[in-house]
Amino acid sequence: MALSPELEAFAGKRAARKAVVEAIAATRHVFSLDELFKNLRAKATVSRSTIYRTLRAMRESSLLSETVLLSGARVYHLASGKRGMLWVCDDCHRICSLPITEVETHFIAAAKSSGFTAEKI
C-alpha cells in the first residue's frame, strides 16, 4: 500500500517504523495495540516497544488519534481531521467510527427536548 506523503515522511528510512506505519495505514478500522502487534508479527519482526514509540510519536505529530474507552482500553485510528464518534458494541465489542455529522442533529434535538441549548457537539 502506498503511504500518503505525510506518512512516508514520518516513517523515514527505519524498516521497523516503516512496517508499523504501513500496517496502520492498511488498517481501515479502529485498532488496539494488541491487534496491531498480531498483524505485524505475521509480516515483520517488530517489538512492542517500537510499536509503542511509533504510536506515541504519531499521536504527537497529529497523525494518529487515541481514544481511551470506558474499560480503560486504548484504541487508535489514523487522524482524518474530521470530528467523529466511536461506537462500541456491548455484545461483540466491535468498534466503529461514525462522522459526528450523522448524529449531531439527533443530539441537538434531544438537548432541545430536554430544555437545553446545544451550541456545539
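Reader: Is Arg 74 buried, exposed or partly exposed?
Author: Quick note: this is a predicted model, where local features need pLDDT of at least 70, side-chain atom pairs count only at pLDDT 80 or more, and totals for chains, interfaces and linings use all residues. Residues are numbered from 1 along each chain as its sequence is written, and side-chain values use heavy atoms, with hydrogens and water left out. With a 1.4 Å probe and protein chains only, buried means under 20% relative accessible area, exposed means over 50%, and partly exposed is in between. Arg 74 has a relative accessible area of 44%, so the label is partly exposed.

Reader: Which residues do salt bridges that share partners join into one network?
Author: A salt bridge puts a side-chain nitrogen of Lys or Arg within 4 Å of a carboxyl oxygen of Asp or Glu. Glu 66 meets Arg 74 that way at 3.4 Å, N to O, and Arg 59 meets Glu 66 at 3.6 Å, N to O. Shared partners make one network of Arg 59, Glu 66 and Arg 74.

Reader: How accessible is Glu 66, as a relative area?
Author: Glu 66 sits in a salt bridge with Arg 59. Glu 66 counts as partly exposed, because its relative accessible area is 29%.

Reader: What is the N to O distance in the salt bridge of Asp 34 and Arg 48?
Author: Asp 34 is partly exposed at 40% relative accessibility, and Arg 48 is partly exposed too, at 34%. Their side chains meet in a salt bridge, with an N to O distance of 2.9 Å.
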